[in-house]
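This report covers confidence, secondary structure and a few side-chain features of one protein chain.

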Amino acid sequence: MDLSTYTLPELRRLQAKVESEIRRRSDVTRRNLIKRMQKMAADEGLSLDDLLEASAPASAEPKPAAKRGRRAGSKAAKPAPVIKYRNPANPDQGWSGRGRKPQWALDWIAQGKSLDELAA
């Protein structure tokens, strides 16, 4: 096909037709494939949903949530760090041993005491 003979408006019309045909064929192919997969599952006494649930990892999000995409600011929940050291003056205060030392731990060390004594 020699496209050099087409004008720009003709090429754009052709492009729109091609994109439309690609979408149509993709949709038809997808529907036909789903029907074939449903038939194969039914032949084995299962539904397509049964197969999809069984093949999804236990930790994976359900399909509808994955289609919506991530919301701004949402991140996967990280487990809380394990508290390794506790403030003897206030047991509600703890430190995991990562990041900056809290002031109460710095004060404790400044008194010449070992951080190991604060182990939770």
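The mean pLDDT of the protein is 85, and 85% of the residues score at least 70; pLDDT is the predictor's confidence in each residue, from 0 to 100. This is a predicted model, in which local features need pLDDT of at least 70 and side-chain atom pairs count only at pLDDT 80 or more, while totals for chains, interfaces and linings use all residues. Residues are numbered from 1 along each chain as its sequence is written, and side-chain values use heavy atoms, with hydrogens and water left out.

| Element | Residues | Mean pLDDT |
|---|---|---|
| Helix 1 (highest) | 8-43 | 94 |
| Helix 3 (lowest) | 63-68 | 54 |

The protein has four helices and two strands, in the order α-α-α-β-β-α along the sequence. Helices (H or I, at least four residues) and strands (E, at least two) are DSSP runs, numbered from the N terminus.

Of the 120 residues in the protein, 10% are buried. Buried means under 20% relative accessible area, exposed over 50%, and partly exposed in between (1.4 Å probe, protein chains only). Tyr6, in the segment before helix 1, is partly exposed because its relative accessible area is 33%.

At the other end of the chain's numbering, the charged end of Lys113 sits over the ring of Trp108, 4.4 Å from the ring centre. The rule asks for NZ of Lys or CZ of Arg within 6 Å of the ring centre and within 35 degrees of the ring normal.
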